[in-house]
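The following note sets out a colleague's remarks on the structure shown below.

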Amino acid sequence: MPPLDAAAPAVEVRGLVREFKGGIRAVDGLDLEVRGGEIYGFLGPNGAGKTTLVRILTTLLRPTSGSARVAGYDVVTDADRVRRSIGVALQEAAIDPLMTGRELLRMQGALHALRGSEAKRRASELLDRVGLTTAGDRRVGGYSGGMRRRLDLALALVHRPDVLFLDEPTTGLDPTSRAALWREVRSLNDEGTTVFLTTQYLEEAEQLADRVGIIAGGRLEAEGTPDVLKARVGEPMLIVTVDDPADADAAREALRELGRVEPCAPGGTPERVVVRTVRGKEAIPPAIRALDERGVAVASVEVESPTLDDVFAAVTGSRLEGAAEPESAAA
Amino acid sequence: MSLEPRVIAALGRRALSVQFRRAQLLMPTFVLPLMLLAVIASGTSSAQDLEGFPAVGSYLSFVLPGTIIQGALLAGLTSGIALASDIESGFFDRLLAAPVRRVSLVLGRLAGTLGLSVLQTAFFLLVALPFGARYPGGVAGLAGTVVLAAVTAVGIGGIAAAIALRTGSLSLMQSIFPFVFVLLFTAPAFFPRELLTPVLADLAVFNPLTYVVEASRGLLAGDAELGSPIAGLGASLGLAIATTALAVFALAERLRTT
Amino acid sequence: MASAPALPAAPGTLAVIGVLWRRSLNEVVRVRGALLPATVAPVVFLLGMSGQFSRLTGLEGFPTDSYLSWIVPLSCLQAAGFAGAATGANLARDIEQGWFDRLLVSPVPRPVLVAGPILGAITRCLVPTTVVLVVGFLLGAELTGGLLGLLALYLAATAFCAVAGLWGVFMAVIFRTQQAGPLMQQGVFVAVFLSTAYTPQALLRGWLEGAAAYNPVTYVLELGRQATVSGIEPSLANTWPGLAALGGLLACFGALAMLGLRRMGA
């Protein structure tokens with residue numbers, strides 16, 4: 001199957017609003033575009049509107065106003081074509097515990113118009129792909145959380161969809177299962193599948209996404225590649241720790257060339273010298289050279305870059321879960 | 001054996017409030033018996049014309065004790081279901097960890113059943129009034145009926161609690177539901193004993209509920225011919241004491257084996 | 001869009017109904033004892049009610065002298081109705097747990113998503129219906145209607161099962177919670193009993209007299225009674241009201257179920 005025309009957006013959202021009873025706007029005037037072939041990470045805390053957006057894009061919920069097209073088709077007027085083009089793995093994937101993995105895959109095949117023999121072959125192929133061949137004939141009721149998520153992913157792939165929606169695919173998984181799922185998503189993307197991923201884990205967005213959108217209060221608050229987003233909050237910090245606090249001023253003088261030297265904070269550690277520099281890690285060798293020329297003995301040099309969490313905090317005023325202790329206050 | 005009335009009352013109140021918060025527990029106990037009553041009272045009222053049917057003022061009053069006993073059966077069963085659900089959810093373990101006597105846990109649950117049954121019976125008696133039920137037995141008859149039903153509910157609750165404690169399975173408790181009706185139908189719940197099919201009439205002799213239904217009929221109508229209050233009280237008390245002991249024993253077994 | 005990618009074909013309706021039918025049978029085939037309560041309850045009611053009220057046949061105007069024969073079709077209908085309503089409870093569970101979303105995002109026409117489970121219910125209801133019939137027969141109910149009568153009884157039971165199933169589906173898509181389960185069951189309960197369940201129309205008194213006359217289930221019941229009641233012989237006159245009632249019920253609840261499904265936003 002040919003991948004989507006790279007010029008045509010895989011997902012195109014314009015002024016999308018979804019209002020629930022009581023006037024609560026879970027999605028509140030959202031504009032968004034996902035290009036064919038990319039992995040788009042959609043980041044937000046619980047209740048930010050992620051799941052509502054995914055449900056609209058996958059034809060499970062109708063928008064109150066605005067429009068959304070997926071794979072070139074309108075999600076309301078052309079829902080059937082959208083359904084044929086997308087694969088969906090929803091959060092807290094419910095899988096019938098009474099059926100075996102293989103049966104579920106074959107059933108999914110029938111739902112997507114695969115002929116019996118083809119569905120059978122595809123089921124074996126996918127079980128193999130997600131590493132469930134031996135478990136394939138056992139009932140799903142006995143699967144672990146990681147196995148279920150892998151099966152769920154396989155189910156979303158049965159009809160070789162152009163656009164894959166993954167709603168918090170690794171929430172609640174252990175690190176090993178998470179890494180395995182990430183590998184699989186990457187390799188699917190390499191094969192040309194566009195992936196729309198929601199997550200509340202920064203690491204996941206950072207590891208997988210070509211571009212990241214941050215949603216809060218039903219609006220898209222920021223969007224871009226992880227690097228661009230991080231650069232927006234601030235330049236990386238070069239942190240030099242000198243052996244003798246008396247040398248600190250000399251060190252500041254030496255590093256002036258590299259960027260903006262931060263003044264010594266009163267009550268801070270006197271041996272620490274901080275320089276904001278766009279050059280990031282590349283600033284380390286010249287820094288060492290400059291310090292050496294002035295005869296400043298150095299204990300350590302390190303570079304600290306802003307994280308997506310800093311971006312998130314800057315954009316929404318709150319921190320995401322998974323990054324230290326979550327602040328419970330909403331944005 | 002010293003009792004802990006305050007613990008028992010607290011547990012009983014909690015059992016009762018849970019019952020009223022869960023619609024799926026409330027519907028069957030309050031609504032189902034009334035539906036059956038409506039259907040039977042209306043669908044079979046021509047039975048009064050049958051030969052051998054006792055002369056009664058109101059057919060509705062005659063079948064009402066069947067509904068009251070059905071309510072008591074269901075109140076007992078739902079308390080077993082609620083107990084099983086407490087066991088599955090782990091709440092019961094928390095109770096076991098509390099410094100209270102084990103017997104109080106059983107008695108508290110049954111106190112809730114008792115309270116539920118009193119409310120239910122009063123509700124049935126009231127609802128039937130505008131539809132033409134009459135209680136010539138007066139306040140004493142009404143009070144006696146409420147007591148009989150409540151003690152019977154405790155008796156059924158004891159069996160249900162014993163099963164719940166032994167199995168801890170919610171789905172098993174729910175599938176017991178039809179068997180409640182076996183107990184109901186092997187008593188002359190809605191028809192005079194003399195007019196049941198002979199096999200059933202013979203069986204009814206061994207069903208304690210037979211005496212409860214008949215006693216309550218007698219009490220409501222103020223006519224001891226219809227049933228002896230003493231026999232009813234004896235049957236229900238005997239049932240309650242025996243099954244409460246069974247439940248206490250089941251709890252001891254549960255603690256010993258788990 | 002000139003370069004629109006070729007879409008996979010629409011799925012074959014029969015194939016999808018087939019897999020969804022098989023899946024709904026899992027509920028009883030793969031769960032030990034799952035059919036037991038659904039079978040025992042109507043049998044208990046059959047035995048209990050016939051034991052309590054068998055003398056009613058002594059009343060003037062009762063068309064048969066075997067009360068068991070009178071209520072066997074009732075118990076069959078009840079059993080089939082409960083099996084049908086279970087479809088709603090299962091669907092509510094599927095909606096609650098998110099499984100139904102999986103079906104909704106597939107390119108399958110919405111009525112097909114409901115047809116599979118309804119067919120499953122019809123298949124499942126054959127077990128309790130047959131058990132009730134056999135128990136009734138063993139205890140002395142007479143099969144006076146012969147093969148045609150039996151056919152009418154099974155037709156009444158299976159179609160009523162489908163009606164109850166659609167009612168359950170409607171409740172499930174409206175409430176979307178398993179808590180609505182008792183509501184589905186009790187709807188069937190009321191519908192069945194507000195009919196000529198225990199006594200023929202001529203012996204009904206008061207409000208039930210009117211309710212039963214207007215209740216379509218009365219006519220479905222009479223359709224089934226051609227199997228066992230000697231006073232209601234198999235004939236076209238006894239058949240068409242039941243068929244018409246079933247047709248109307250199916251159309252009505254089918255439309256409600258579809259409307260409810262649309263209202264879910266899918």
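1. Helix H10 of chain B, residues 208-221, comprises 14 residues and reaches 20 Å from its first C-alpha to its last, close to the 20 Å expected at 1.5 Å a residue. Of the 14 residues of H10(B), 14 are buried, so the helix is largely enclosed by the rest of the structure. After H10(B) comes Gly222(B), whose phi is positive, near 65°. These values, like those below, come from a predicted model.

2. H6(C) is mostly covered, with 21 of its 30 residues buried. The residue that follows H6(C) is Arg176(C), and its phi is positive, near 55°.

3. Two packed helices are described by the angle between their axes and the distance between the axes. In chain B, helix H6 (residues 138-167) and helix H11 (residues 229-257) pack at an angle of about 25°, with their axes 8 Å apart. An angle under 35 degrees counts as roughly parallel, and H6(B) and H11(B) are therefore roughly parallel to each other. The crossing in which H6(B) passes H11(B) is left-handed. By class, the residues of this contact divide into 16 nonpolar, eight polar and three charged.

4. On the H3(C) side the contact residues include Leu68(C), Val72(C), Ala79(C), Ala83(C) and Leu91(C). On the H5(C) side they include Pro117(C), Ile118(C), Arg124(C), Val132(C) and Gly136(C). The contact of H3(C) with H5(C) has 15 nonpolar, six polar and one charged residues.

5. What does chain C present to chain B, by residue class? In this interface, 32 residues of chain C are in contact with 29 residues of chain B. Helix H2 (36-53), helix H7 (181-193) and helix H8 (206-214) of chain C each supply at least two residues of the side that touches chain B. The largest share of that side, eleven residues, comes from H2(C). By class, the side of chain C that touches chain B has 20 nonpolar, ten polar and two charged residues.

6. Chain A contains eleven helices and 14 strands. Its C-alpha trace spans about 80 × 50 × 40 Å along its principal axes. Of the 331 residues of chain A, 44% count as buried. Among contacts in chain A between residues at least 6 apart in sequence, 67% join residues at least 24 apart.

7. Is Ala251(A) buried or exposed? Ala251(A) lies in helix H9 of chain A, residues 248-255. A residue is buried if 20 or more other C-beta atoms lie within 10 Å of its own; with 25 C-beta neighbours inside 10 Å, Ala251(A) therefore counts as buried. Leaving aside neighbours within four places in sequence, Ala251(A) is in contact with Val240(A), Val242(A), Val273(A), Leu291(A) and Val296(A). Ala251(A) and Leu132(A), by C-alpha to C-alpha distance, are 58 Å apart in space, and they are 119 residues apart in sequence.

Definitions and conventions: Residues numbered from 1 in each chain as written. Chains lettered and ligands numbered in written order. Predicted model: local features only at pLDDT ≥ 70, side-chain atom pairs only at ≥ 80, totals over all residues. Contact = placed C-beta atoms within 7 Å. Helix = DSSP H or I, 4+ residues; strand = E, 2+ residues; numbered from the N terminus. Nonpolar A, V, L, I, M, F, W, Y, C, P; charged D, E, K, R; others polar. Expected span 1.5 Å × (residues − 1). Buried ≥ 20, exposed ≤ 12 C-beta atoms within 10 Å, placed from the backbone. Axes fitted to C-alpha atoms, helices over the stretch in contact; angles between N-to-C directions. Parallel < 35°, antiparallel > 145°, perpendicular 65-115°, else oblique. Left-handed = near helix turned anticlockwise from the far one by under 90°.
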